Amino acid sequence: MDTQKNIKIYRAGELIKQIAPAADIANVLTLLTSNEIFLDAPCGGRGRCGKCKVRLSPGGEEVKACQTAVTDGMEIHLPEEMKMEIAGQGAAPAPVSDGVAGTPVQAPAQSAPAPTLLSDAYGVAIDIGTTTVVAHLTNLKTRKRVATASGVNAQRQYGADVISRIEYSAAHGHETLSRLIQSQIGDLITRACADAGIPASAVSYIAIAGNTIMQHLAAGYSPVGMGTVPFEPVSLFGEELPAWPGLPAAPGATIYYSPCVSSYVGGDITAGMLACGFEGDLGPTVFIDIGTNGEIAIKLGGKYLCCATAAGPAFEGAEISRGMAAVPGAISHVKWGDSGLELTVLGDAEPDGLCGSGLLDALALLLNTGAVDETGRLQDPGEIEHPISAYIGEAEGRNAFFLSRERDVYLSAADVRKLQLAKAAIAGGIQTLLREAGITEGDVRSFVLAGGFGSFLDRDSAARIGLFPKAFLPITRSMGNTAGEGAAIALVSSLSREQLNAMREKCEYVELSSSLVFNEQFVEQMMFDE
């Protein structure tokens with residue numbers, strides 16, 4: 001007689017699913033992912049990040065889902081679903097035509113909209129980020145944005161960065177990740193249409209911008225070839241493809257995928273540069289998307305130099321002791337004021353960890369107060385000639401900067417090193433491209449920060465830690481979700497789609513892994529300014 005008992009899954013105290021035990025399920029995280037139940041797991045279940053926490057009873061001790069065996073009849077209590085601060089959820093920026101790099105543009109008025117227009121035809125522009133996904137529902141005739149839906153990328157439970165997802169695809173096939181993102185895009189279209197009060201069958205055209213790996217998975221292609229030398233993609237896109245079966249859209253709906261430059265400089269970068277007016281007559285301009293890939297581009301005359309820096313997920317809080325996404329409870333800003341340490345916490349909640357902007361501020365503060373020296377060493381309290389020394393103690397056997405009364409939120413010495421490595425990769429990439437272009441920091445006329453992280457970070461903190469040159473501060477513009485805006489332009493303009501493809505042809509990719517200049521710059525950029 002079978003006496004196995006179902007496993008019960010709870011979220012926020014409510015039973016959401018019962019699952020029959022299976023002998024081939026290795027751990028709780030695998031059980032959840034195999035049943036398409038989301039749990040944040042930035043390291044992809046390798047046991048390194050400590051973020052996939054669950055409880056086995058109400059109010060019980062937290063355990064790592066990836067390290068906890070499945071047993072018959074167990075209860076699994078999940079944290080509340082992530083509600084992340086996502087850039088690009090609001091209305092489209094107003095068109096401006098002052099010719100300045102980093103100014104949002106609109107599709108040319110004379111260009112033809114997407115094909116097969118009807119009076120009630122709609123399209124959706126989609127930005128597939130490694131961390132978040134945003135969908136803008138647009139009336140194709142009036143070009144007016146009527147609704148936006150967004151969410152945390154459903155693939156995140158398989159790893160916070162693209163390398164983790166390539167590795168998962170290599171080990172298990174890409175089909176699970178493709179199904180997840182295709183299903184999520186369908187859900188976002190359905191939500192946006194419901195908010196606007198229109199049927200999904202009115203959606204006839206879709207434009208997607210994402211990094212090359214995300215676009216592969218959305219199109220149903222394997223990204224495995226991009227994980228090893230010679231880093232070969234199946235496609236660099238810049239084309240229209242039929243919508244996949246089951247997508248909530250009109251019969252015969254078409255999807256346009258933004259052109260990618262290489263395996264690690266994707267359609268989000270070309271779309272972002274289009275949105276910022278890079279096809280105009282600009283002086284030397286630097287564009288950067290500070291994410292796990294750390295893509296950088298320089299426009300010089302009629303050509304573009306591009307690279308990807310493999311900065312990793314540290315700036316998104318992954319693999320940082322108390323790092324977290326930009327959700328309620330995350331410390332988003334840190335400063336020293338008249339009353340001492342001052343924190344800004346998302347959601348007006350008790351601090352539970354630090355998101356990317358908070359990590360930058362915390363490190364900048366430690367540098368400004370002398371708590372971290374130019375080599376990146378977090379000093380002992382007795383070596384620090386500043387009141388911040390009272391917040392320095394020991395955690396994980398090493399020095400740490402404590403940011404909560406309970407001393408359970410902190411930045412450890414090891415975390416400082418991870419941030420140091422990430423900033424050196426991005427700063428080294430900038431300097432390498434400047435060298436390749438034959439120009440100096442002083443020659444640059446505009447510096448564009450793209451992406452959600454670029455919207456929320458404090459520029460002074462970013463420059464203080466050396467993420468980008470201080471000389472760029474007066475010419476810096478934070479442009480937010482440029483990939484989504486570029487996709488929105490491409491959605492309604494055939495001329496803009498042609499411009500995107502023409503832009504891709506002007507791009508030259510600089511491979512940093514074999515660059516002696518980058519190796520030298522990476523080592524040099526590891527140091528902090530005194």
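Modeller: Happy to! First a term: a residue is buried when its relative accessible area is under 20%, exposed when it is over 50%, and partly exposed in between, using a 1.4 Å probe and protein chains only. Helices (H or I, at least four residues) and strands (E, at least two) are DSSP runs, numbered from the N terminus. With those terms, both faces of strand 12 are covered: Thr 285, Phe 287 and Asp 289 are buried on one side, and Val 286 and Ile 288 on the other.

Biologist: Where does this model come from, and how are residues numbered?

Modeller: This is a predicted model, so numbering runs from 1 along each chain as its sequence is written, local features need pLDDT of at least 70, side-chain atom pairs count only at pLDDT 80 or more, and totals for chains, interfaces and linings use all residues. Side-chain values use heavy atoms, with hydrogens and water left out.

Biologist: Back to strand 12, then. Why is it called largely enclosed?

Modeller: Because 5 of the 5 residues of strand 12 (residues 285-289) are buried, it is largely enclosed by the rest of the structure.

Biologist: Which strands does strand 12 pair with?

Modeller: Two strands count as paired if DSSP finds at least two bridges between them. Strand 12 pairs with strand 13 (residues 295-300) in the antiparallel sense over 5 bridges, and Asp 289 has Glu 295 as its bridge partner there.

Biologist: Let's zoom out. How many helices and strands are there?

Modeller: The protein has 12 helices and 23 strands. Its radius of gyration, taken over C-alpha atoms, is 23 Å, close to the 24 Å that the globule rule (2.2 Å times the number of residues to the power 0.38) gives for 530 residues, so it is as compact as a globular protein of that length. Its C-alpha trace spans about 75 × 65 × 45 Å along the principal axes, and 58% of the 530 residues count as buried.

Biologist: What about the nonpolar residues inside?

Modeller: In soluble globular proteins, nonpolar side chains tend to be buried together. A nonpolar core here is a set of buried Ala, Val, Leu, Ile, Met, Phe, Trp, Tyr and Cys residues joined through side-chain atoms within 4.5 Å. The largest has 76 residues, and those with the most contacts inside it include Ile 126, Leu 137, Val 203 and Phe 287. Helix 3 (residues 175-196) gives the largest share of this core, 8 residues. Apart from it lies another core, of 59 residues, among them Ile 290, Val 334, Ile 426 and Leu 434.

Biologist: Is Gly 59 buried or exposed?

Modeller: Gly 59 counts as exposed, at 71% relative accessibility. It is found in the loop between strand 3 (53-55) and strand 4 (62-64).

Biologist: One last topic: what is the strand order in the open sheet of 3 strands?

Modeller: The order is 18-19-20, with antiparallel pairing. Strand 18 (392-395) and strand 20 (410-412) are the edge strands, each pairing on one side only. Axes are lines fitted to C-alpha atoms, for helices over the stretch in contact, and angles run from 0 to 180 degrees between N-to-C directions. Helix 6 (residues 356-368) packs on the sheet, touching strand 18, strand 19 and strand 20, and its direction makes about 65° with that of strand 20.

Definitions and conventions: Contact means heavy atoms within 4.5 Å.
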